[in-house]
Amino acid sequence: MNTLKGILAIGLIALLGACKQDSYLDRLPLSAIAEPTFFKNENDLQLYANQFYPSLPTQNFIQDNQSDDKVPNSLNSFLSGQYVVPTTDVDYNWTNIRNVNYFLQRYQKAEASQEIKDQYAAEVRFFRALFYWGLSKRYGDVPWYSKDLTAESEELYAPRTPRTVVMDSVLADLNFAVEHIPSDVTLGRLHKYAAAALKARICLCEGTRRKYFDVEGSEKYLKEAVSAAELIMNSGKYAIYSTGNPQTDYYNLFIQQELNGNSEAILARRYLQSILMNGISRTLGEAGTGYSKDFVQSYLCTDGLPIGISPLYEGDDTPQKEFSNRDPRSYQTIATKGFVLLQNSDGSKDVIDLPRVGTNTANTGYQLIKGRSSDPAMWQANQSTLDFFIFRYAETLLIYAEAKAELGEANQSDIDKSINLLRSRVNMPALEISTLRRDPNSDFPEIPVLIDEIRRERRVELADEGFRFDDLVRWKAGKKIEKPETILGMKLTPALRAQYPASQVNGIVVNSDFYIRIYTNIDHRTWNDKMYLYPIPLQEIGLNPSLGQNPGWQ
């Protein structure tokens, strides 16, 4: 419901600006501020905390190229095994963490009530948790710093802190944030439920990662994920957005110019004309990527069964057959026949007849439309005012269901108040635990069928929102990207090809079964288990040899 209207819409502040990064940690961030005169009052605390708000994780629908869901024109260097240890890496960045620690060492100086000081400390610790989680996901063990350092600090040359210790410190930050950030969602700032949403996300990730990598402590984090999700669910403030139109509600959810008041928005990024805008619709139209055959195959049929066992599945010889009798989210995510790409002011329309294969808009034939408006005003370069979700209630419900299932505690009541609320929006049959049938084409035949189906629901509901690669990593399922279908597009049979102008399809390459091949030099990608972590940049090891390198990247 809440949007960061007063902060994000004006681009925030440049108070602590860009700090030159010329060593392992960035230099002092406050060269323009005399330390004895800062943190005098609440306004100072708020002003300082504002600098971190642009770092909030925002979904923007041009993500997940580095996964099995999409096939960009350019082969991803990481997933294709071409990534080498870099000299530097922009993601190995400590500016924000140093700025956070600077605040936490000094905020108590302000003349304000302890409640106010704790509120802003909680906001800043929320961001420290976010920043450290990002580093930990990418690099594993990283140094944990609880204070701002100088060039002379001995800690700069210490070994990395074990990942489990770092994540326990992250959890402590999250718990402090949930406890001390106000629950008022009308303040235009972070609130308790946004903090709980981040906690739920991080704890599910950590809990499942520990479980599937056989690291102690998975149950603790899964229980924390459930607890955080329940705090949001029991608040009565949020619900799945629905107007009673299952054929359009899911699509329309992501093309709204005002998420303030939307029941599904726990936190959203606000965009306003001439103040802060984005270019999402235009970008999606020029993305040079498309969904994969593997992703499309994951949609259930309207009887609630996977395509491998449903009598309703008509095959994929034509696009019309492939999307007939499928989960309505499929054609509210992917352009199909009759979809209006552009509704012009003069009444004319650009309507999908055939998939736009062979173009930069639909290289695989499965064209992106989630988050893409047909309003021509939204197509102007960087002129869109469509709002973006930061935390969406649907994700919270999925976290709850998965964590409960991973703990072995999920019952039908749990599924009814989570997964089945998502299915209800699009008029899909409810998931009934007692009648679940194993998908014969499951990618995860070794796990309980309930967890398997929850993973499917997550993939479908959160498509292109930036979660998929992290999901494969935390499930220790990187090998899944080796499936040939993850780099194939739609079936372009000779009969279908004949319906296109020759100039449009002559350059399209298909395999022996007529599926579009984007990469003509490989039949599948190759996963190496070293890819569960990124390498530490060489420059950082040169500055501090005690860091060492991640396994397999030497």
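At what angle do helix 11 and helix 14 pack, and how far apart are their axes? Keep in mind as we look that this is a predicted model. Helix 11, residues 393-406, packs against helix 14, residues 449-461, at an angle of about 165 degrees, and their axes are 10 Å apart. Angles over 145 degrees count as roughly antiparallel, and helix 11 and helix 14 are therefore roughly antiparallel to each other. Their crossing is left-handed.

Let's see which residues meet here. Helix 11 brings Ala394, Leu398, Ile399, Ala401, Glu402, Ala405 and Glu406, while helix 14 answers with Leu450, Ile451, Ile454, Arg455, Glu457, Arg458 and Glu461. Sorted by class, this contact has 8 nonpolar and 6 charged residues, and no polar ones.

Stay with helix 14, and we can move on to a pocket. The second largest pocket has a volume of about 300 Å³. Its lining is made of 18 residues, and Ser298, Asp439, Asn441, Asp443 and Arg456 are the ones nearest its centre. Helix 14 gives the largest share of this lining, with 4 residues. Helix 9 (293-297) also supplies at least two residues. What classes of residue line the second largest pocket? There are 10 charged, 5 polar and 3 nonpolar residues in the lining.

The structure holds 1 cavity of 30 Å³ or more, and the largest cavity has a volume of about 40 Å³. Asp64, Asp69, Arg458, Arg459, Leu462, Ala463, Asp464, Phe467, Arg468 and Asp471 line this cavity. Helix 14 and helix 15 (468-474) are the elements that give two or more residues to the lining. By class, the lining of the largest cavity has 7 charged and 3 nonpolar residues, with no polar ones.

Now for another pair of helices. Helix 3 (residues 114-139) and helix 4 (residues 163-180) pack at an angle of about 150 degrees, with 8 Å between their axes. That angle makes helix 3 roughly antiparallel to helix 4. Here, too, the crossing is left-handed. On the helix 3 side, the contact includes Phe126, Tyr132 and Trp133, and on the helix 4 side it includes Met167, Leu174 and Phe176. The residues of this contact divide into 13 nonpolar, 3 polar and 5 charged.

Definitions and conventions: Residues numbered from 1 in each chain as written. Predicted model: local features only at pLDDT ≥ 70, side-chain atom pairs only at ≥ 80, totals over all residues. Heavy atoms only, no water. Axes fitted to C-alpha atoms, helices over the stretch in contact; angles between N-to-C directions. Parallel < 35°, antiparallel > 145°, perpendicular 65-115°, else oblique. Left-handed = near helix turned anticlockwise from the far one by under 90°. Contact = heavy atoms within 4.5 Å. Nonpolar A, V, L, I, M, F, W, Y, C, P; charged D, E, K, R; others polar. 1 Å grid on protein atoms, 1.4 Å probe; cavity = no way out; pocket = protein on both sides within 12 Å on 5 of 7 lines; lining within 4 Å. Points joined across faces, edges and corners; volume = space filled by probe spheres on them.
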